[in-house]
Amino acid sequence: MSNDTSWGFVKAYFAARIERLKDVREDRGALSIETMMIVAGLVVVAAIAAGVILTKVNEKAKEIK
């Protein structure tokens, strides 16, 4: 997974969004909307990762039985 280019893009995208949040402190409305977008994106990425991990664990559990 570390060699996947799409994973690198996701990391770079969120790093850029976080840096922008650090620089923009005057616009409170846009800040909260962008923060929610980042949080929602991270939740989606975490859900996908959890799904992949659970699938792999279930496959291994079936092999053991």
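The protein exposes about 5,500 Å², of which carbon and sulfur atoms supply 67% (accessible areas follow the Shrake-Rupley method with a 1.4 Å probe, and for residues only the protein chains shown count as cover). This is a predicted model, in which local features need pLDDT of at least 70 and side-chain atom pairs count only at pLDDT 80 or more, while totals for chains, interfaces and linings use all residues. Residues are numbered from 1 along each chain as its sequence is written, and side-chain values use heavy atoms, with hydrogens and water left out.

Begin with the whole chain in cartoon view. Two helices and zero strands make up the secondary structure (DSSP runs numbered from the N terminus: helices are H or I with at least four residues, strands E with at least two). Of the 65 residues, 9% count as buried (under 20% relative accessible area; exposed is over 50% and partly exposed in between, with a 1.4 Å probe and protein chains only).

Next, select Tyr13, which is found in helix α1. Tyr13 is partly exposed, at 36% relative accessible area. Phe14, in contrast, counts as buried at 13%.

Now display the aromatic rings. There are two aromatic pairs (rings of Phe, Tyr and Trp, the last by its six-membered ring, with centres within 6.5 Å; planes under 30 degrees apart are stacked, over 60 edge-to-face and the rest tilted). The ring centres of Tyr13 and Phe14 lie 5.4 Å apart with planes at 75°, so this pair is edge-to-face.
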